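I opened this notebook to record what I looked up in one structure.

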Amino acid sequence: LEAMRAMPRHRFVPESRRSGAYGDHPLPIGHGQTISQPYIVGFMSEKLDLSPGDRVLEVGTGSAYQAAILSMLVERVVSIEIIEPLARSAAGRLEEMGFGNVTVLHGDGYYGWKEAAPFDAIIVTAAAPHVPPPLTAQLKPGGRMIIPVGRSGWTQNLLLVEKREDGDIVTRNLMAVSFVVL
């Protein structure tokens, strides 16, 4: 909550939407994408049970609001965005704001970023049709992933995926959500 209070959310939304930047609702950011409502950003971040030394993979950078929040809680954030103009603007915004512990990559987040794996936590900010096996493989033993799963236009489930120390995967359904598609 302290990280969210300190974060100027209006800097992550288009100027035409800034009057609604602090409402608890998603806002369009262009290219058919949205910035998640603050409640969901906080809820997802909390459920990852992060520690200051953690390394986190974010799939779906968008405007970089979630990445900026995470950067205040962990050592390193790697964020992947498939839409190149969003990746470029997010990287520029984070650099301008001084978030030096976030790397933004342009690419398909379904496959994660194997070169930097394993991760303590993975957060996916767009709905996948299923839990991507490459992401599960890139979690450290004891790691957690939060991901919305389901089809566009239907109720999606926000899942918490935990990789036990022995490598077994445990999944819990946390709530019904509505996200843009991965």
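The entries below concern a predicted model.

**Entry 1**

Seven of them form an open sheet, and their order is 5-4-3-6-7-8-9, with mixed pairing. At the edges I found strand 5 and strand 9, each with a single partner strand, so one side of each is left without a neighbour in the sheet. From one strand to the next, the twist averages 15 degrees.

I then looked up one pair in detail. Strand 4, residues 76–81, runs parallel to strand 5, and five bridges join the two. Within this pair, I80 has L105 of strand 5 as its bridge partner.

Next I asked which strands helix 2 touches. Helix 2 packs on the sheet and touches strand 6, strand 7, strand 8 and strand 9. The direction of helix 2 makes about 165 degrees with that of strand 9. Helix 4 also packs on the sheet, where it touches strand 4 and strand 5. For helix 4 the angle is about 165 degrees with the direction of strand 5.

**Entry 2: the hairpin**

I turned to strand 1 and strand 2, which run antiparallel and are joined by three bridges. In this pairing, P28 has T34 in strand 2 as its bridge partner. The two strands form a hairpin with two residues between them. H31, in the turn, has a positive phi of about 60 degrees, although H31 is not a glycine. I noted H31 as partly exposed, because its relative accessibility is 49% and the exposed class begins over 50%.

**Entry 3: the nonpolar cores**

I asked how many residues the largest nonpolar core has. The count is 41 residues, and F12 and Y65 are those with the most contacts inside this core. Several elements supply at least two residues each, among them helix 1 (2–6), helix 2 (38–47), helix 4 (84–96) and strand 9 (169–177). The largest share, five residues, comes from helix 3.

I listed the contacts of F12, leaving aside its neighbours within four places in sequence. The partners include M7, I29, I35, Y65, A68 and M97. R93 is also one of the residues in contact with F12.

**Entry 4: single residues in loops**

T61 lies in the loop between strand 3 (55–59) and helix 3. Is T61 buried or exposed? I recorded T61 as buried, because its relative accessible area is 4% and the limit for buried is under 20%. Beyond its neighbours within four places in sequence, T61 is in contact with S79, I80, E81, A90 and V104.

D49 is found in the loop between helix 2 and strand 3. D49 has a positive phi of about 50 degrees although it is not a glycine. With a relative accessibility of 56%, D49 counts as exposed.

I also checked the bond between A117 and P118, which is a cis peptide bond with omega of about 5 degrees. P118 is in the loop between strand 5 and strand 6.

**Entry 5: salt bridges**

The count of salt bridges comes to four.

- R11 and E96 meet through their side chains at 2.8 Å, N to O. R11 is in the loop between helix 1 and strand 1 and E96 is in helix 4, so this pair ties together parts that are 85 residues apart in sequence. R11 is partly exposed, at 30% relative accessible area, whereas E96 is exposed, at 63%.
- R88 and E84 form a salt bridge at 3.6 Å, N to O. Both lie in helix 4, four residues apart, which is about one turn of the helix. R88 counts as exposed at 53% relative accessibility, and E84 as partly exposed at 40%.
- K140 and D120 form a salt bridge at 3.3 Å, N to O. K140 belongs to strand 7 and D120 to strand 6, so the pair ties together parts that are 20 residues apart in sequence. K140 is partly exposed, at 28%, while D120 counts as buried, at 15%.

Terms used: Residues numbered from 1 in each chain as written. Predicted model: local features only at pLDDT ≥ 70, side-chain atom pairs only at ≥ 80, totals over all residues. Heavy atoms only, no water. Core = buried A, V, L, I, M, F, W, Y, C linked by side-chain atoms within 4.5 Å. Buried < 20%, exposed > 50% of the residue type's maximum accessible area, 1.4 Å probe, protein only. Contact = heavy atoms within 4.5 Å. Pairing = 2+ DSSP bridges. Axes fitted to C-alpha atoms, helices over the stretch in contact; angles between N-to-C directions.
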